[in-house]
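User: I have a two-chain model open and some questions about it. Can we start with the terms?

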Amino acid sequence: MTINRRTILKAGAAAAALPLLGSRAFAQSEPLKVGFIYVGSINDNGYNYAHNQGRIFLEEQLGDAVETTYVENVPEGPDCERVLRELAQQGNKLIFATSFGFGDSVIKVAQQFPDVKFEHATGYQKADNVGLYNARFYEGRAVCGTIAGHLSQTGKLAYIGSFPIPEVVMGINALALSARKINPEITVKPVYISTWNDPAKEADAARALIDQGVDIIAQHTDGPAALQVAQERGIIGGFGQGADMSAFAPETQLTSIIDHWGPRYVASAQAVIDGTWTPRDTWEGLKEDVVQMGPYGPKVTEEVKAAAEAVRTGQIDGSFHIFTGPIKDNTGTERVPAGVTMTDAELLSMDWYVEGVEQPA
Amino acid sequence: MEIIIPIIVTLVFAATPILLAALGELVVEKSGVLNLGVEGMMLVGAIAGFAGQFYTGNPYFALLCGAMAGAATSIIFGFLTLSLSANQTATGLALTIFGTGFSALAGAPFSARPIQLMGPLFPAELASHPVLRVVFGYSAPVYFSFFMVFAVWYFLEKTRPGLILRAVGENDLSAHSIGYSVKLVRYLAVLFGGAMAGIAGACFPLLLTPQWAERMTAGRGWIAVALVVFASWRPFRLLGGAYLFGLVMTMELYAKAGGGPLSAIPSELWAALPYLATIIVLVLISIRRDASTNAPACLGKPFLPTN
């Protein structure tokens, strides 16, 4: 059964009619109830889909020890507070709020339910019962950039982004830095389309970029529209974002960055069951398996594959960090000296572009 | 300069669904009914068109599915506002919310399923020709939209049923008193508007981006509604308006992608341009004294003949 806000209300009413049923009698075998709220649809093939896959992973791994509930399409704002409260009242002892904009509501509701643990994705506000988690998507971008650097013939890459927020800027910079390590002539053209989900606009942006000589497109929006245009026009390639999108572009997807939240969810749920949960603030990546690379596409040769794998494994064993200096910005000023690696705080507030990225208007 | 041809091709595709939906809404409003549910009907048409293409691979059948689904959705609106005399504004808004939710529900099994784009109408020698594709490079709904501009104009201005429809929109009581069925005329207009919105919605998966995504029309139904006012209820002005909106939407992306002087225009200004254009056109229309705004006099009013 798909659970939406309405069925939750009904379930909530039913639960209210049976207060605390069994909570003492079956204390030992009672599963941990875990709630999830998503800002979009679990069928978006991207961000929200990936979080839901994480929830399914949690159920598979911990089996009867957990019982999960999710609510999708929760708008950021007062509605979110109400949904969080309902989940807490239904007996969920661990609640994952998976969108940045849920932050204020999480803090508010967490104060009212001190015995419920909350975890907020991509946020910044912590509390005694509120932990934070995020993923280093830029590590995946570095692998994509390595492939793009080898395969691009025109030397022109593009990046279709939603909004110029640090998360997106970081991805553009990681792509540019890694591609230019292979071919210093490469330029990256960022185009912001001011929306996360307008497939027709994403597709038209891709058409405009291809018409002007771009031969590899990366995108940071919620769907595969740009990748489909890349396939239709027969350019060299593009990258899946959030999930493997090879179904939409079997020849053209060079690889994809897959959000794999499952291990993070298992670790938190296990900690609550064991009574060892503390509010953590984690930013995990390839090493922790929270970011994964999808299969390489047919155009990626063995040689390029080896180069991409070297970047991937280098980030796993810690020998390689894409944001290690020297790094110049796109005005030619040195921002990071040689040998110095940018701190997480610097990365999370990044608002400048590296050399080779054309300044967007 | 060779970039101009791809720009024109992209803008024609971008403008087509807006033009189709707006033509439908124009006829609806000419009959005195304001249906703000265009966006919802488009989304239902989009998922129906997607499903039609997914199961049969026949894009013409898919367009038909879109039209039927859009028309079926509009019956809900027709029943509530024409038979039950519900408030048209509120019902139209509700229809958009319904269409958004229903299409998401119906579309859930189709996520992660690509389909085939509808190919061009003309043979590849013409459709893929570097210059001639500006005329021959489109698929059938684009030519259909041109034909419909003319057909709607001809119907409204040159035919007797068109005159009756306009009479119903201008003065429903008079039309009623000389024996015309106001309800029937309005039902037919609403159905036509629904079918056109459905075809417009089906254009998204068939012409623009061959996938299903929730809310994939992303507000273009509202642009269609605005465009009818922008065009002061005239079909040929509607054609111009739809292409002006299409040009602004397309130029934003080409300018950002290509550099040059236009790329210095910030995104926010691009986003505001269609609305600035609307305001300017409305001012120009009101300066011209020869005609009023041309709005149907009974627009949005329920028809309630007393006894």
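Analyst: Helices (H or I, at least four residues) and strands (E, at least two) are DSSP runs, numbered from the N terminus. This is a predicted model, where local features need pLDDT of at least 70, side-chain atom pairs count only at pLDDT 80 or more, and totals for chains, interfaces and linings use all residues. Residues are numbered from 1 along each chain as its sequence is written, chains are lettered from A and ligands numbered from 1 in the order in which they are written, and side-chain values use heavy atoms, with hydrogens and water left out.

User: Where is B:Ala218 found?

Analyst: B:Ala218 sits in the loop between helix H10 (182–208) and helix H11 (220–230) of chain B. Its phi is near 45°, a positive value in a residue other than glycine.

User: What about the peptide bond from A:Gly325 to A:Pro326, cis or trans?

Analyst: That bond is cis, with omega near 5°. A:Pro326 is in the loop between helix H10 (302–317) and strand E13 (327–328) of chain A.

User: Why point these out?

Analyst: Because most residues other than glycine have a negative phi, and most peptide bonds are trans.

User: New topic. How many residues does each chain give to the contact?

Analyst: Chain A gives 29 residues and chain B gives 33 residues. Contact means heavy atoms within 4.5 Å. The two chains bury about 2500 Å² between them, 54% of it on carbon and sulfur atoms. Buried area is the accessible area (1.4 Å probe) that two parts lose on being put together, summed over both.

User: How many salt bridges are there between chain A and chain B?

Analyst: Two. One of them joins the side chains of B:Glu252 and A:Lys201, at 3.7 Å, N to O. A salt bridge is a side-chain nitrogen of Lys or Arg within 4 Å of a carboxyl oxygen of Asp or Glu.

User: Which elements of chain A touch chain B?

Analyst: Those giving two or more residues are strand E7 (187–192), helix H7 (199–211) and helix H8 (225–233) of chain A. H7(A) has the largest share, 10 residues. By class, this side of chain A has 14 nonpolar, eight polar and seven charged residues. Ala, Val, Leu, Ile, Met, Phe, Trp, Tyr, Cys and Pro count as nonpolar, Asp, Glu, Lys and Arg as charged, and the others, Gly among them, as polar.

User: Last one. Where does A:Thr122 lie?

Analyst: A:Thr122 is in the loop between strand E4 (117–121) and strand E5 (130–135) of chain A. A:Thr122 is buried, at 16% relative accessible area. Residues it touches include A:Tyr47, A:Phe100 and A:Tyr133, not counting residues up to four places away in sequence.

Note on methods. Buried means under 20% relative accessible area, exposed over 50%, partly exposed in between (1.4 Å probe, protein chains only).
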